[in-house]
Amino acid sequence: MRIVVAIAFLLIIASLGSALVFMMRDRGNSKRMVYSLTVRIGLSVALFLFILFANWMGWIHSTGRLY
């Protein structure tokens, strides 16, 4: 579980970084920054839903302890 969450978090940060690069390079002439931010939002929502699902399935616990 920790590896999946860490990878998802790194992908979210990478998407945010690519949006910054596209914003600086394109100067508003393309939609690459918008697409990158859309991917970031999608990844964030997917990670949130995955954590809720993992809690519901009992894979993780809200106390922080692994049983």
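First, the accessibility words: buried means under 20% relative accessible area, exposed means over 50%, and partly exposed is what falls in between, with a 1.4 Å probe and protein chains only. Keep in mind that this is a predicted model, where local features need pLDDT of at least 70, side-chain atom pairs count only at pLDDT 80 or more, and totals for chains, interfaces and linings use all residues. Residues are numbered from 1 along each chain as its sequence is written, and side-chain values use heavy atoms, leaving out hydrogens and water.

Start with helix H1, residues 2-26. Helices here are DSSP runs of H or I with at least four residues, numbered from the N terminus.

Now for the aromatics. Rings of Phe, Tyr and Trp (its six-membered ring) pair if their centres lie within 6.5 Å; planes under 30 degrees apart are stacked, over 60 edge-to-face, and the rest tilted. The whole structure has 2 such pairs. Phe53 and Trp56 make a tilted one, 5.9 Å centre to centre with 40° between the planes. They sit 3 residues apart in H2, so about one helical turn separates them. Phe53 is partly exposed because its relative accessibility is 37%, while Trp56, at 67%, is exposed. Phe53 also pairs with Trp59: the centres are 5.5 Å apart and the planes at 85°, so this pair is edge-to-face. Trp59 is partly exposed at 42%. Together, ring pairs link Phe53, Trp56 and Trp59 into a cluster.

Key: Helices (H or I, at least four residues) and strands (E, at least two) are DSSP runs, numbered from the N terminus. The expected span of a helix is 1.5 Å times one less than its number of residues.
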